[in-house]
Structures are given as C-alpha cells and as structure tokens.
Amino acid sequence: MKELTLQIDIHVFDYSELCDADRRLVDEAKQATYRSYVPYSHFSVGAAARLADGTVVSGSNQENAAYPSGLCAERTTLFYANSQHPDQAVETLAVAARNERGEFLDEPIPPCGDCRQVMLETEARFGNAMRILLYGKQGVYEMKNVGALLPLSFGSEAMK
Ligand code: THU
C-alpha cells in the first residue's frame with residue numbers, strides 16, 4: 001500500500017490587497033449577484049471572467065421551476081464568454097455570492113462540482129492556466145489554475 005498526498009496551493013488575500021484589475025473583477029462578480037434569478041434558493045451568485053484581450057464578461061445564477069434546468073453563475077459566465085469570444089482564453093474568473101439575507105458570504109464561495117468540471121475544460125481548450133478568485137468578506141482565495149479546485153480530474157486525455 002502506498003499513500004498519495006496531494007497538495008493544493010491557495011493564496012488568501014484581503015480584498016484590499018488585490019491588484020486593481022483583480023479588485024475590479026471581484027467587484028464585477030459582486031455586482032452580478034444583483035442580476036441573479038433565484039426565486040427558489042434565494043442564494044445569489046455572480047461571476048466575472050477577464051479574457052486574454054482584457055474583455056470582462058459577467059453572469060449570475062438563473063433558476064427554473066424545474067430545478068435542474070437552472071444554471072450556476074460560473075457556467076452561465078464561462079459559456080457566455082466562450083460563445084461570444086471563442087478565440088479568447090479566460091485568464092481569470094472571479095466568483096462572489098450573497099445568502100438569503102442578502103449578505104455577501106464571510107467565507108469564499110466554493111464552486112459546485114459541475115462548475116469545476118466546466119472550468120477545467122475551459123482551461124484545457126485554450127491551454128492557458130485560468131486563475132480563480134473566490135470572494136469572501138474575510139478573505140479572497142486565489143488559485144493559479146483549476147487543478148487546485150479539481151485534483152484527480154477527468155479530462156479528454158483520460159479517454160486516449
Ligand atoms: N450556485 C452557483 O451559481 N454557483 C455555485 O458555485 C454554487 C451554487 C447556485 C445554483 C443555485 O441557483 C443556487 O446557487 C443554490 O444552489
């Protein structure tokens with residue numbers, strides 16, 4: 001028997017420590033939470049993607065009475081970015097969320113598994129590391145690539 005220990009690296013920043021561009025991106029993600037459609041969960045998530053050419057696009061979670069038909073903020077944003085700008089790598093994705101009391105979360109919002117998988121594919125299709133910024137009032141997590149969010153991931157290379 002062997003034991004495998006995986007290490008992931010996360011930098012934790014105070015919001016005020018972020019560079020201007022990252023702070024603006026986090027602000028876009030926070031603003032996007034106000035455009036969510038969440039009549040069922042009352043949990044508002046916003047995401048903002050900065051593309052290689054500097055374009056910023058944002059999105060929010062959109063729910064549906066048929067629950068699985070709704071979509072998370074991260075996937076709404078990445079699919080929109082990729083459908084509008086298919087030749088631009090996503091350089092950084094910022095995510096923020098507000099709870100049912102309308103307050104931003106204290107702890108960084110953890111993306112769901114499906115969104116992590118889509119982030120992985122977005123990173124892979126451009127062959128560029130995609131940084132992730134997860135906003136929380138008590139700290140912003142920075143991950144240098146999606147691997148930090150999804151170790152032992154399944155990708156197209158596994159099928160070869
Ligand atoms: N949600 C997101 O938009 N992103 C996440 O990372 C976690 C969950 C949404 C889905 C649903 O609209 C609501 O939050 C509650 O799960």
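This is a predicted model: local features need pLDDT of at least 70, side-chain atom pairs count only at pLDDT 80 or more; totals for chains, interfaces and linings use all residues.

Which residues surround the ligand? Going along the numbering, they are Ser 41, Phe 43, Val 45, Asn 61, Glu 63, Cys 72, Ala 73, Glu 74, Pro 110, Pro 111 and Cys 112. As for where that is, the ligand sits in the largest pocket.

Now the contacts of the ligand. A polar atom in the side chain of Glu 74 is 2.5 Å from a ligand oxygen atom. For Asn 61, an N or O atom of the side chain lies 2.9 Å from an oxygen atom of the ligand. Cys 112 takes part through its backbone, where a polar atom is 3.4 Å from an oxygen atom of the ligand. How much of the ligand's area does the protein bury? The ligand taken alone exposes 370 Å², and 76% of that is buried by the protein.

Is Ser 60 buried or exposed? Its relative accessibility is 5%, and buried means under 20%, so Ser 60 counts as buried. The side chain of Ser 60 also has a polar contact, at 2.9 Å, with the side chain of Gln 62.

Next, the loop between strand 4 (90-98) and helix 3 (113-126), where Glu 107 is found. Glu 107 has a relative accessibility of 48%, so it counts as partly exposed. Between the C-alpha atoms of Glu 107 and Ala 32 there are 18 Å, and the two are 75 residues apart along the chain.

Pro 108 is in the loop between strand 4 and helix 3 as well. With a relative accessible area of 13%, Pro 108 is buried. Its C-alpha atom is separated by 8.7 Å from that of Leu 133, at 25 residues along the chain.

Another loop runs between helix 1 (20-32) and strand 2 (44-51), and Arg 35 lies in it. The relative accessible area of Arg 35 is 47%, which makes this residue partly exposed. Arg 35 and Glu 103 are 68 residues apart along the chain, with 15 Å between their C-alpha atoms.

His 42 also has its place in the loop between helix 1 and strand 2. It is partly exposed, at a relative accessible area of 42%. What is phi of His 42? The value is near 55 degrees, which is positive, and the residue is not a glycine. For background, most residues other than glycine have a negative phi.

Leu 152 is not a glycine either, and its phi is positive at about 55 degrees. Is Leu 152 buried or exposed? Exposed means over 50%, and Leu 152 has a relative accessible area of 74%, so it is exposed.

Methods. Residues are numbered from 1 along each chain as its sequence is written. Side-chain values use heavy atoms; hydrogens and water are left out. A residue is near a molecule or strand if one of its heavy atoms lies within 4 Å of it. A polar contact is a pair of N or O atoms within 3.5 Å; within protein, one must be able to donate a hydrogen and the other to accept it, and residues adjacent in sequence count only if both atoms are side-chain atoms. Accessible areas come from the Shrake-Rupley method with a 1.4 Å probe; for residues, only the protein chains shown count as cover. On a 1 Å grid over the protein atoms alone, a cavity is a set of points where a 1.4 Å probe fits but cannot get out, and a pocket is an open set with protein on both sides within 12 Å along at least five of seven lines; lining residues have an atom within 4 Å of a point. A molecule sits in a cavity or pocket if more than half of its atoms lie within 2 Å of its grid points. Buried means under 20% relative accessible area, exposed over 50%, partly exposed in between (1.4 Å probe, protein chains only). Helices (H or I, at least four residues) and strands (E, at least two) are DSSP runs, numbered from the N terminus.
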